[in-house]
Amino acid sequence: MTWPNALTINRSLSKAPLDISIVMPVFNEAKTVVPLYHQLREVMEGIGKTYELIAIDDGSTDESFKVLQELHDEDNRVKVIRFRRNFGQTAAFSAGFDYANGEIIITMDADLQNDPRDIPQLLQKMHDGYDVVSGWRSQRQDVYLSRVLPSKIANLVISQVTGVWLHDYGCSLKAYRREVIKNIRLYGEMHRFIPALASWMGVRVAEVDVHHSPRRFGKSNYGLSRTIKVILDLLTVRFLLSYSTKPIQIFGLVGGLCLIAGLGLGIYLAILRLFMNVPIGDRPLLLLSALLAMVGVQIVTMGLLGELVVRTYHESQGKPTYVIREIVD
């Protein structure tokens, strides 16, 4: 049996290009979807551009899919993608990006905490020449100790590590140009790092102050437990930004330092034994020397294997190692 992948879905369902696609993951938000739809419809019709609303039902166990289906029957600009189970917000965004036909793709949550009335100012920033525009919830309406404070610390760390300075990586209200988001593949919990991942392409990133409303229905699906996931994904992002096409440089550096340290200790112990007649058989330094040398060789070997994997990845998919903004010929 052949399972359809995202690209197959995109080819089979895509239609004529639109001005704007709104991508919105939905997980047990049956009470918020209808009022949010009406808010979005009012804002988007006021803008006067063609648009579509892509709602991804991420394995909801309430009436969310039924409500979305009714909205689609009422308005064919509402497109619904239904997952077989809960795959998470990153997978939902990824599916929405694959299906989106808009020249500008806007993401937002379905819990009524993002305000659709902020969309025009995101579009204005895009009109000013930016490629990615991120919302900043400067007046965030969440519990300070468990949500706001950890988020501020995380945003500072992420900005420092990635070099893309944003106040609020966790805000789902963002706008992307189609050519930017279509070249990014998302895994794990990577959706919050899209501006950083896109920075590899040399995009212009801006941030605008947006409204944030208290949660009116249900409860948040995120808490302090996701901190470890964020840290691990951040390490991945840092590696991808700096060494995704040259892994030997990081592995070779670490492995080379270990190898040099091991060889240095070995030479030191050899001098003690050969010229000073000092026994070294029971010295811990001998074991450390051998361990460092072996670890160094293994890490360098991992770097060489990484180089082979990178080349196979790029060449098998025809994926370039550069991104062109424009050509004047």
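Colleague: Which side chain does Asp115 meet in a salt bridge?

Modeller: Keeping in mind that this is a predicted model, the side chain of Asp115 meets that of Arg117 in a salt bridge, at 2.8 Å from N to O.

Colleague: And is Asp115 buried or exposed? What about Arg117?

Modeller: Asp115 counts as buried, since its relative accessibility is 8%, whereas Arg117 is exposed, with a relative accessible area of 64%.

Colleague: How many salt bridges does the count come to?

Modeller: The count comes to eleven salt bridges. One of them joins the side chains of Glu74 and Arg41, at 3.8 Å from N to O. Glu74 lies in helix α3 and Arg41 in helix α2, which covers residues 30-47, so this pair ties together parts that are 33 residues apart in sequence.

Colleague: How exposed is Arg41?

Modeller: Arg41 is partly exposed, because its relative accessible area of 29% falls between the 20% limit for buried and the 50% limit for exposed.

Colleague: With which residue does Asp131 form a salt bridge?

Modeller: Asp131 forms a salt bridge with Arg177, and their closest N and O atoms are 3.4 Å apart. This pair links distant parts of the chain, with Asp131 in the loop between α5 (119-127) and β5 (132-136) and Arg177 in strand β6 (residues 174-177), 46 residues apart. Asp131 is itself buried, with a relative accessible area of 8%.

Colleague: Let me switch to the surface. Which residues form the negative patch?

Modeller: The negative surface patch is formed by Asp62, Glu63, Glu70 and Asp73. Among them, Glu70 has its place in helix α3, which runs over residues 64-74, and Glu70 is partly exposed, with a relative accessible area of 45%.

Colleague: What does the side chain of Asp57 make a polar contact with?

Modeller: The partner is the side chain of Ser60, at 2.6 Å. Asp57 is found in strand β2, residues 51-57, and with a relative accessible area of 1% Asp57 is buried.

Colleague: Where does Glu103 lie, and how far in space is its C-alpha from that of Arg178?

Modeller: Glu103 lies in strand β4, which covers residues 102-107, and Glu103 counts as partly exposed at 41% relative accessibility. From C-alpha to C-alpha, Glu103 and Arg178 are 5.1 Å apart in space, although they are separated by 75 residues in sequence.

Colleague: Now the backbone. What is phi of Asn28 near?

Modeller: Phi of Asn28 is near 55 degrees, a positive value in a residue other than glycine. Asn28 lies in the loop between β1 (18-26) and α2, and at 29% relative accessibility Asn28 counts as partly exposed.

Colleague: And what is phi of Asn277 near?

Modeller: For Asn277, phi is near 55 degrees, again a positive value in a residue other than glycine. The place of Asn277 is in the loop between α10 (247-275) and α11 (284-317), and Asn277 is exposed, with a relative accessible area of 60%.

Colleague: Last topic, the greasy side chains. Which residues form a nonpolar patch on the surface?

Modeller: Ile267, Ile271, Leu274, Phe275 and Met276 form that nonpolar patch, which has about 600 Å² of accessible area together. One of these residues, Ile267, lies in helix α10, and Ile267 is exposed, with a relative accessible area of 54%.

Technical notes
Residues numbered from 1 in each chain as written. Predicted model: local features only at pLDDT ≥ 70, side-chain atom pairs only at ≥ 80, totals over all residues. Heavy atoms only, no water. Patch = residues over 30% accessible without salt bridge, like charges linked within 9 Å, V, L, I, M, F, W, Y side chains within 5 Å. Areas by Shrake-Rupley, 256 points an atom, 1.4 Å probe, with all protein chains shown as cover. Salt bridge = Lys/Arg side-chain N within 4 Å of Asp/Glu carboxyl O. Lys, Arg positive; Asp, Glu negative; His and termini not counted. Charge placed at Lys NZ, Arg CZ, Asp CG, Glu CD. Helix = DSSP H or I, 4+ residues; strand = E, 2+ residues; numbered from the N terminus. Buried < 20%, exposed > 50% of the residue type's maximum accessible area, 1.4 Å probe, protein only. Polar contact = N/O pair within 3.5 Å; in protein donor to acceptor, adjacent residues only side chain to side chain.
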